[in-house]
Amino acid sequence: MNTPIKVLTPTGAIGTGFPRAAFDQALLERPDVIAMDAGSTDSGPHYLGTGTTKASASILRAELRVFMQARAELDIPLIIGSCGTCGSDAGVDLMRGLCEEIAAELGQAVRIASVYSEQPASVVKQALAQGRIKPLQLDHIDDALVERCSRIVALMGVEPFIHALEDGADIILAGRSTDTAVMASLPILRGAHQGAAWHAGKILECGASCTTTPANAVVMAAIDDTGFTIKAIGEGARLTPRSVMAHMLYENSNPHVLVEPGGVLNVEEAVYTALDEQTVRVEGSVWTPSEDYTVKLEGAAPCGFQSVVMSIVRDPEYVERFDEWLAYLDSVMRQRIEKHLGIGADDYDLQFRAIGKDSALGALESRVGAPVEIGVMAIATSATAERTQDMVALLNPYLLHFPLPGDKDLPTHAFPFSPASMDRGVVHEFVLSHVMVVADPLAPFRFSIKTVEGA
Amino acid sequence: MNTLQTLGYEIRSKNAGPFSLTIDVFCKDADTFAQLAAEPKLQAPAIAELFRRPAQSISVFPIEALSVIKISLPRPVVQGALQDRDMHGAQWAFILLDALGTGEDPRP
């Protein structure tokens, strides 16, 4: 290859906003691809459990419109990975629907590739039976656990993107993908240095987070035969070797090594050199292909119906003697729930979080303060909506009027709402931290590649 | 909490996926880094005790080029589990900050 491949990443996640002026400025440098992701596990298991999207469809639509216009003007691919927050099939279809509407509106004829990453339970169970599922941070897995999952996704590497690009896709809307693969795919297809392409992908994945001016910049990496050059673009945009290197730390357990589908990136020997105030050159990143090709699996399973009841304790004596009061409330509530509902301690989950005291850290909290008031958040979870409602009904009068031991007068604590309870519906938990060994990097993924004729 | 000027370092924690927590101690200069890299409270046994995780599950990476000490461990609670209190894991940094001593008496 002779010319470097320029990857423009306008945002850390579509739907969260991007600096328009900086983006327009970056387009003048003629990127070869616009690439970004649309999700992560960071918002928790709800999205994967339900297949839903955190971002608002109208905001996604407005941003997508800008990216689609830019893509058409430059005649370059637009790649969006981890569509729909969790990479669900529904998330890909949501983005596809928006894309088709916008294409019609703009009169664009575009070839759109949807790449789906949900894994049927049968596929995972078969892999399990064949010994192709290996544990990462959780050991436990069996057929029953796989069946409990409401949704399992596999994280794709660069190959599915390359497959869609080779098929002529103008726009790729992918299910769950590794953040890095989204950005690394076009450079790898065009023959760029693999270590550099993956390393640039990691640095680009959160958009301008790797700059010293994240509020007002977009980032573009130019990947070539020996390394990559990363540039902060925008009015006053800056980055430094330190800010670029520091991004390897971000949400990453090991600052030197990144395990990806098909290989391992090692950046321990990478050298970062400032070319000017906006540009850093990186060389020395090493990509080592792995013996087995693996894809990471993410799975979320329902773990009950949940409701929350909030009450605020403000009476100074109650705040003063809060621990005594809460311990008494906790024991009375458990007895009442078990007696009235005829259930045992294993049949429900009840937690009280003392907001203003230790609700964020619980038993690990090391500080003791003197709060003015304490919010009591009672969290009730059980296997059925009815049982959870029964728990809430039992909790309600107690959270309103529960006295201190020996207090003759019934206090009335503060309910901020009517009703005092908030139903959270079915809640989910992450239950998989495993990889699946596959013979073909495309095998776990399904493609729908079609040209949409603009109106 | 920006303690870089007052203490010479600041600490941030964040999920590294749903099952891992990663803590970055940013030092303001090479001297502070050298001092903290040798600090017993930032070694695996003390971290294990503080976060109640097995010592062999804790990795400590002193990164001299950035004056950063990175500590990674299994998340004290899996992200989003019923017992989880902090979806993004950012408050655990303050436990370490308190353990290192912030110069304030944490008691009232």
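**Exercises on a predicted two-chain model**

Helix 4 (residues 92–100) of chain B lies across strand 1 and strand 2 of chain B, at about 150° to strand 1 of chain B. Axes are lines fitted to C-alpha atoms, for helices over the stretch in contact, and angles run from 0 to 180 degrees between N-to-C directions. Contact means C-beta atoms, placed from the backbone, within 7 Å. Helices (H or I, at least four residues) and strands (E, at least two) are DSSP runs, numbered from the N terminus.

This is a predicted model: local features need pLDDT of at least 70, side-chain atom pairs count only at pLDDT 80 or more, and totals for chains, interfaces and linings use all residues. Residues are numbered from 1 along each chain as its sequence is written, and chains are lettered from A and ligands numbered from 1 in the order in which they are written.

**Exercise 1.** Determine the strand order of the open sheet in chain B and its edge strands.

*Solution.*
1. Strands pair if DSSP finds at least two bridges between them.
2. Strand 1 and strand 2 (residues 20–27) of chain B are antiparallel and joined by seven bridges; B:Asn15 has B:Leu21 in strand 2 as bridge partner.
3. The order of the four strands is 1-2-4-3, with antiparallel pairing.
4. Strand 1 (9–15) and strand 3 (59–63) of chain B are the edges, each pairing on one side only.
5. From one strand to the next, the twist averages 15°.

**Exercise 2.** State how many residues each chain gives to the contact, and which element of chain A supplies the largest share of its side.

*Solution.*
1. Chain A gives 32 residues and chain B 34.
2. Helix 10 of chain A supplies the largest share of chain A's side, three residues.

Conventions
Contact = placed C-beta atoms within 7 Å.
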